[in-house]
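Have the model open while you read.

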Amino acid sequence: MTVAPSQPAPQMAPASQDFILKIEHVTKRFGGLVAVDDVSFDVKRGEVFALIGPNGAGKTTLFNSITGIFPPSDGRVVFNGRDIAGAKPHQAAALGIARTFQNIRLFEYMSALDNVRVGQHCRTNSKLWDSLFKTPRERQEERTITDRAMELLTFVGIQAHAENYARNLAYGQQRRLEIARALATRPQLLLLDEPAAGFTPQEKVELMRLVDKILAEGITVFLIEHDMKVVMGISRNIAVLDHGELIALGSPEVIRKDQRVIEAYLGKGA
Amino acid sequence: MMIFRTMRKVWATDPRVDPNPLVYTILTVGAILYPVWAQISTGGQGDFLISVLADAGVYILLAIGLNVVVGFAGLLDLGYAAFFAIGAYTYAFLASDHMVVTPLGEAIHLPFWIVLFIGLFVAAAFGLLLGAPTLRLRGDYLAIVTLGFGEIVPRVFKNLSVWTSGVNGISALDKPVLPLWLQGPWSGDSLEVVQNFKIISPMAFYVIMVLLLGICVVLVNNLRKSRVGRAWMAVREDEVAAAAMGVNTVRIKLLAFAIGAAFSGFAGSFYGAKLSLVSPENFGFTVSITILVMIVLGGMGNIPGVIIGSLLIYWVTFLFLPALPPLANEWATKIGLGGLVPPNGDWPGIGEEMHRLQFLIFGIILVLTMLLRPQGLIPSRVRQQELTRGVTEDQTIEDVNAETTA
């Protein structure tokens with residue numbers, strides 16, 4: 001099956017373009033607190049990029065700035081060659097950026113299937129009129145939505161739970177459902193916020209396989225993760241944040257040996 | 001508390017059984033048989049009973065509309081009656097002689113069928129107008145703003161007396177006439193069955209109401225199961241996640257608000273036509289709250305539940321409570337307590353006492369229903385799960401307590 005956009009999503013850039021996302025001097029201030037301080041890095045199209053750093057380093061805040069939940073105070077977020085800083089969350093989704101949340105945020109009292117159906121909201125266009133009178137067009141679209149939702153649930157391996165309420169799924173299944181829901185928006189860039197948190201080693205291996213599958217669909221994966229095995233195992237490039245500042249950037253080999261990273265994680269003198 | 005636990009268990013429905021088809025069947029059959037029953041049981045004098053149910057239909061329409069806002073999209077609207085007033089006044093302006101006494105100086109008489117839809121659109125427009133600046137607010141704040149709107153609108157109608165005749169309201173509104181195409185060739189001289197047929201009999205209103213309700217239930221059910229309906233529920237569950245999935249939350253909430261208002265305006269126009277009178281007193285805060293109670297008690301989010309809840313609350317507030325004093329007198333006499341009936345010193349007589357206590361009794365009925373059936377009479381599957389979970393937890397705690405004390 002294919003998860004990648006069957007019809008090109010809007011603003012599809014030419015394939016020659018190397019970087020899908022460029023973070024340029026992004027700063028996010030909350031009153032006097034600087035959560036993200038003048039951070040710049042680029043995410044290559046088709047790679048797995050990881051953002052790591054101690055708790056409170058500003059990783060999730062940066063994700064929120066990219067997806068429009070908290071627009072950045074300063075700087076540019078360039079997605080496919082276009083500055084999207086200040087775009088609303090639903091606009092970011094429509095442009096092709098999907099995300100999951102650190103603390104799982106599913107629609108708890110909706111079925112797993114409905115969760116994924118909602119994800120297709122911005123790629124479908126039945127009007128109020130169609131919905132009110134169940135026009136043939138709307139019926140057709142609903143069938144497509146349902147089929148695709150089932151495909152995605154199968155893709156992440158929880159098709160058996162389609163009719164269950166999201167809140168009744170097991171923890172690992174909920175994490176997978178969030179990924180399926182995000183994929184339903186037909187993203188080019190998928191942001192995963194600590195996808196392996198609370199996973200058993202076995203589940204972590206399965207997650208890494210799933211990330212590979214997503215990558216094979218042509219979707220760039222940008223993730224925040226604490227588990228070094230996962231990060232070092234799947235990512236091509238890594239950015240390290242500490243106290244809102246970018247302290248290191250490079251391949252896993254470089255990051256592993258970086259003195260500042262070691263200090264940030266283990267404290268000075270380590 | 002033992003009683004409540006047992007009662008809840010007895011009342012708890014099996015979540016695997018979907019009661020909705022059964023309820024819809026009962027409602028349809030009931031709607032058809034009701035006029036027959038009303039006429040037979042009263043020996044042909046049943047017009048009053050039929051009229052009452054047509055009035056209840058207006059409330060059902062209102063409740064179905066508010067259910068879209070509160071039950072589907074999760075936006076607490078405490079000023080819903082404002083749109084009801086707007087619909088009713090729209091009918092009054094556009095279908096009566098009233099405009100003669102306003103600065104306009106000329107009466108407008110548009111047909112009922114057209115004004116119904118004008119009322120719908122005017123109310124929806126006001127819904128958008130109120131929603132646009134306020135729907136960025138969340139939860140409690142939105143409730144307060146809508147509460148304010150609900151207080152302002154009837155006051156505007158009351159004080160804008162040049163146009164609305166103030167507290168006197170507007171009377172002698174046009175009675176609905178059958179649409180032109182229904183007065184076709186068959187209404188010639190020999191066959192003048194429906195020539196200029198005016199809908200004044202309660203039965204005609206009842207039939208129109210039942211048909212309108214049927215259509216509305218189908219349309220709202222379509223919406224619930226559509227892309228729009230899912231987006232509403234997503235916003236209700238988690239607004240941030242819904243936005244991140246591409247739902248334009250402001251727009252989708254505005255849509256829920258406008259559709260809710262449209263129902264209210266529609267119901268208002270019908271109400272104006274049936275009552276032939278509008279007055280600012282008919283659209284107070286109590287009306288908004290009564291409709292809210294109807295949907296909460298019936299089962300928020302579930303349309304058959306909302307209908308049953310509306311019928312029940314309508315019956316309690318408009319029929320049972322007013323009839324209570326004479327009933328109390330009768331029962332007291334029957335069970336040998338006739339001494340309670342006449343006033344005696346401080347005792348006002350059981351009938352009068354019941355009259356004074358009617359809101360207490362109403363309150364007790366509400367509290368008992370919510371204790372016994374917190375998920376509503378016919379809950380949506382969602383509410384059911386949400387609350388049965390709570391109940392089982394309660395029970396385990398109680399059971400543990402019982403065991404430890406035993």
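1. α2 and β6 (97-99) of chain A each put at least two residues into the lining of the largest cavity, and α2(A) gives the most, with three residues. (Helices here are DSSP runs of H or I of at least four residues, strands are runs of E of at least two, both numbered from the N terminus.)

2. A word on where this comes from: it's a predicted model, so to speak, with local features needing pLDDT of at least 70 and side-chain atom pairs counting only at pLDDT 80 or more, while totals for chains, interfaces and linings use all residues. Residues are numbered from 1 along each chain as its sequence is written, chains are lettered from A and ligands numbered from 1 in the order written, and side-chain values use heavy atoms, leaving out hydrogens and water.

3. Which residues line that largest cavity? They are A:T67, A:P89, A:A92, A:A93, A:I97, A:R99 and, from the other chain, B:A244. By class that's five nonpolar, one polar and one charged (nonpolar is Ala, Val, Leu, Ile, Met, Phe, Trp, Tyr, Cys and Pro; charged is Asp, Glu, Lys and Arg; the others, Gly among them, are polar). Its volume is about 30 Å³, and a search of the whole structure finds one cavity of 30 Å³ or more. (On a 1 Å grid over the protein atoms alone, a cavity is a set of points where a 1.4 Å probe fits but cannot get out; a pocket is an open set with protein on both sides within 12 Å along at least five of seven lines; lining residues have an atom within 4 Å of a point. Volume is the space filled by probe spheres set on the points, which are joined across faces, edges and corners.)

4. Now the second largest pocket, at about 700 Å³. It's lined by 23 residues, with A:L132, B:L120, B:F121, B:L219 and B:A262 nearest its centre. α11(B) gives the most, eight residues. The lining counts 22 nonpolar residues, no polar ones and one charged.

5. As for the contact (heavy atoms within 4.5 Å), chain A brings 36 residues and chain B 31. The rule finds two salt bridges across the interface (a side-chain nitrogen of Lys or Arg within 4 Å of a carboxyl oxygen of Asp or Glu). One pairs A:R105 with B:D238, closest N and O atoms 2.8 Å apart.
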